[in-house]
Amino acid sequence: VLSWLESRLPLAPFLPPGAKAGLSNVVVMFLAAEVSLPAALAVAAFKALFALVTRGAVAALMSAAGGLLSATALWLAARSRLGCLGLGVTGAVTHNAAQLGAAALLAGPAVAWYAPALLLTGLASGGITALLLWFLAPRMGTLWKER
C-alpha cells in the first residue's frame with residue numbers, strides 16, 4: 001500500500017527519474033531489525049509481486065533486486081547495532097545499487113553514469129526513511145508485541 005501511495009506523490013523536479021523516498025522500505029527496515037530476515041524478505045518479495053501486477057516485469061525485477069538485497073543488508077546492519085540513520089542509508093544505498101545492477105543487466109553497463117545520482121538520492125531517501133523509522137518503530141514494535 002505504501003509503494004502505491006508513494007507512486008501517487010508528485011516527483012520533485014530536481015530529482016533524477018525514478019527516484020522515490022522509499023516509504024514502504026520503512027516496513028522492511030523494521031522487520032529486518034526487529035522481527036526476522038525471512039519476514040523482511042517476504043515483504044520485499046511481495047512488493048516485487050505487487051510491482052509485477054501493477055507496473056510490469058521490469059518494475060518487478062527492479063523491485064526484487066533492490067528489495068531482496070536491501071532487506072539482507074538491513075538485517076546484517078541491524079545486527080551490528082547501527083542506529084536508524086545507519087539503517088536508512090544502508091537500505092537505500094543497497095537498494096539503489098541492486099537496481100543499478102539489474103538495469104545494467106537489462107540495458108548494459110552504460111547505465112553506470114547514473115550511479116552518482118543514485119548515491120545522492122539514496123543518502124537523502126535513507127535519511128527520510130530513517131526519520132520515519134525512528135518515529136514509527138516504537139509504535140510498530142508495540143503493535144507487533146501485542147500479537
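A word on the ground rules. This is a predicted model, in which local features need pLDDT of at least 70 and side-chain atom pairs count only at pLDDT 80 or more, while totals for chains, interfaces and linings use all residues. Residues are numbered from 1 along each chain as its sequence is written, and side-chain values use heavy atoms, with hydrogens and water left out.

As for the overall build, the protein has six helices and zero strands, so taken as DSSP runs (H or I and at least four residues for helices, E and at least two for strands), numbered from the N terminus. Of its 147 residues, 36% count as buried. Contact here means heavy atoms within 4.5 Å. Among contacts between residues at least 6 apart in sequence, 65% join residues at least 24 apart.

Back to helix 3, which covers residues 37–55. Its 19 residues should span 27 Å at 1.5 Å a residue, and the end C-alpha atoms are 26 Å apart, which agrees; the expected span is 1.5 Å times one less than the number of residues.

Helix 4 gets the same check: its 23 residues should span 33 Å, and its end C-alpha atoms are 33 Å apart, which agrees. Its buried residues include Ala59, Met62, Ser63, Gly66 and Leu74, and what covers the buried residues of helix 4 includes helix 2, helix 3 and helix 5. Serine 63 counts as buried because its relative accessibility is 9%. Beyond residues up to four places away in sequence, serine 63 touches Lys47, Ala48, Ala51, Leu68, His95 and Gln99.

Two of those partners come up again with asparagine 25, which is in contact with Lys47 and His95 once neighbours within four places in sequence are set aside. Asparagine 25 belongs to helix 2 and is buried, with a relative accessible area of 17%. From asparagine 25 to alanine 92 is 67 residues in sequence and 8.3 Å in space, C-alpha to C-alpha.

How do helices 4 and 5 meet? The axes of helix 4 (residues 57–79) and helix 5 (residues 84–107) come within 7 Å and cross at roughly 145°; axes are lines fitted to C-alpha atoms, for helices over the stretch in contact, and angles run from 0 to 180 degrees between N-to-C directions. The residues of this contact divide into 14 nonpolar, nine polar and no charged. Nonpolar covers Ala, Val, Leu, Ile, Met, Phe, Trp, Tyr, Cys and Pro, charged covers Asp, Glu, Lys and Arg, and the others, Gly among them, count as polar.

The loop between helix 4 and helix 5 holds arginine 81. Arginine 81 has a positive phi of about 70° although it is not a glycine. With 75% relative accessibility, arginine 81 counts as exposed.

Technical notes: Buried < 20%, exposed > 50% of the residue type's maximum accessible area, 1.4 Å probe, protein only.
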